[in-house]
Amino acid sequence: MSEQHQQGQRRVTGSYWVETAPGPRRPALTRDLDVDVAVIGAGMAGLSTAYELTRAGLGVAVLEARRVAAGVTGHTTAKLTALHTLIYDRLRRTRDAQAARLYARSQSEAIEHALELVDELGIDCEWETRSAYTYVRDADRADELRAEAEAAREAGLPAKFVTETGLPFPVAGAVRVADQAQFHPRKYLLALTADLVARGGQVYEDTVVRGLTEGEPCRVTTAGGATVRARHVVVATHYPIFDRALLFARLSPRRELVVAGPVDAALDPGGMYITPEEDTRSVRTAPYGEDGRRLLVVTGEHFTPGTGDTRARFDKLAGWAREHFPGVNLDHAWATQDIDPTDTVPMVGPMHAGARNTYVATGFGGWGLSGGMMAGRLLAALVTGRDCPWQELYDPRRMRTAVREAPTFLKNQAEVARHFVGDRLRPAPPVEAVPPGEGAVVRSGADRVAVYRDEEGGVHALSARCTHLGCLVAFNSAERAWECPCHGSRFDIDGSVLQGPATRPLERREL
């Protein structure tokens, strides 16, 4: 085995944000509840919604399957900006200039509101003001950036087209938006959770939701047997665990890798950067220790969960970081998962056409921190009966964009069908071919079995059928997890759910 491959094996260490802000444990729900609002999911969108509603005087219960702010929110690069790569020119072309203005205003006001809470509550979350950049190195793409800068300015952002940045390499062009922010997402949300509980809100961890019955009241049932009766229910689980408006067909999962480590302050590029080139590269730094160094955070190498060689992708991303930031010690690495909507805009609002008391927040496309903050304010307005200027923009029931969505919609469904059928036709190795520390889907009689062999040679066998909609899982060797390529569900080697939309573990199998 090569040294590089060995480094790839060791590289996945876990999120820096989770490690440096562990937070207190919250109890699991073990009894029935009656509340005004049940919020399913304790990431940025769910906690922001719960917090706004609690401050409005409603009784709120947050139900989280694992730990507060430890899922997607705890694994981001933690940038707070209204500059979302190349969205404004696309919005201007596919919708209209008003949609672009509403998008910019909703995201910007959400970030401003978060800063107000940081000041009001005295939250020490390493909040820093930075400029955000979308850049390209290919001169043939510079005109895209000029168009984006113009569209972002028209939308109300202080955007400029520039050719000079703080990056350690030349760029062909970049869109720059000043006075954006970055922070420690876990420290922010743990403080928000503490204040929410102090105000009478309830937060439960290790509480898996299995059922939702709509009505007056709605009924939410958990794997532990508890029932929550609520006048309103918000599903903020990133990828919705319930699909009552064909949302699954309009969403696609995307996994990205992150490497991070301390770097000399002289190498700090002094901003937050992202490019659509090179399979995405996102760069920022954060405070690190008391010796003047900075934490370099580099993200990229996006891929569909359950596909390709994740170790090789980690090696490639780490190589890029070391090439451009010599001397960096990449002592942290993790992965995050994003959900892309077919028409670029997140889906926040009523869950389906007939919904009266159920709401959803999903499809943030890699911008779930500012998007989640926006969703909290929008959903709080809808639940309390207030109008919001951008509720139509984000409405999951929107149909005006259906024709424009069609090519992406059909591509997503073709990809799901390809995995659902094609993965079952693929040749499967024998159990004996699975080496220690690896996993593979093997054939056992007429069934497909997900087999992981531990370092001592012991075999752990599970059903290979994802418990969400039945696609076959695949093994991610870098993270030692089973992943579904259809909708992004992820499972531990013991079959337990790491990430939804699946809510039930993979069944154990005997070989």
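Reader: Before we start, what does "buried" mean here?
Author: Happy to begin there, and do keep in mind that this model is predicted. Relative accessible area decides the label: over 50% is exposed, and the range in between is partly exposed. Buried means under 20%.

Reader: Is strand β13 largely enclosed or open, and how many of its residues are buried?
Author: Strand β13 covers residues 281–287, seven in number. It is largely enclosed by the rest of the structure, because the count of buried residues is six of the seven.

Reader: Which residue takes a positive phi in the hairpin of β13 and β14?
Author: Let's take the hairpins in turn. Between β12 and β13 there are five residues, and glutamate 278 in that turn has a positive phi of about 55°. The hairpin of β13 and β14 has six residues between its strands, and the one with a positive phi, near 65°, is glycine 289.

Reader: At what angle do helices α3 and α5 pack?
Author: Tyr51, Glu52 and Arg55 in α3 meet His113, Leu117, Glu120 and Leu121 in α5. These contact residues divide into three nonpolar, one polar and three charged. The crossing is left-handed, the axes are 13 Å apart, and the angle is about 65°.

Reader: How many residues apart in the chain are arginine 229 and aspartate 34?
Author: These two form a salt bridge, with their closest N and O atoms 2.8 Å apart. Aspartate 34 counts as exposed at 55% relative accessibility, while arginine 229 counts as partly exposed at 24%. Arginine 229 is in strand β10 and aspartate 34 in strand β1, so the pair links distant parts of the chain, 195 residues apart.

Reader: Are glutamate 483 and arginine 490 buried or exposed?
Author: Their side chains meet in a salt bridge, at 3.0 Å from N to O. Glutamate 483 has a relative accessible area of 1%, and arginine 490 has 7%. Because the cut-off is under 20%, both glutamate 483 and arginine 490 are buried.

Reader: How many salt bridges does a search of the whole structure find?
Author: Some of the salt bridges form a network, which links Asp89, Arg92, Arg93, Glu150 and Glu154. Searching the whole structure gives a total of 36.

Technical notes
Residues are numbered from 1 along each chain as its sequence is written. This is a predicted model: local features need pLDDT of at least 70, side-chain atom pairs count only at pLDDT 80 or more; totals for chains, interfaces and linings use all residues. Side-chain values use heavy atoms; hydrogens and water are left out. Buried means under 20% relative accessible area, exposed over 50%, partly exposed in between (1.4 Å probe, protein chains only). Helices (H or I, at least four residues) and strands (E, at least two) are DSSP runs, numbered from the N terminus. Two strands pair if DSSP finds at least two bridges between them. Axes are lines fitted to C-alpha atoms, for helices over the stretch in contact, and angles run from 0 to 180 degrees between N-to-C directions. A crossing is left-handed if the near helix is turned anticlockwise from the far one by less than a right angle, and right-handed if clockwise. Contact means heavy atoms within 4.5 Å. Ala, Val, Leu, Ile, Met, Phe, Trp, Tyr, Cys and Pro count as nonpolar, Asp, Glu, Lys and Arg as charged, and the others, Gly among them, as polar. A salt bridge is a side-chain nitrogen of Lys or Arg within 4 Å of a carboxyl oxygen of Asp or Glu.
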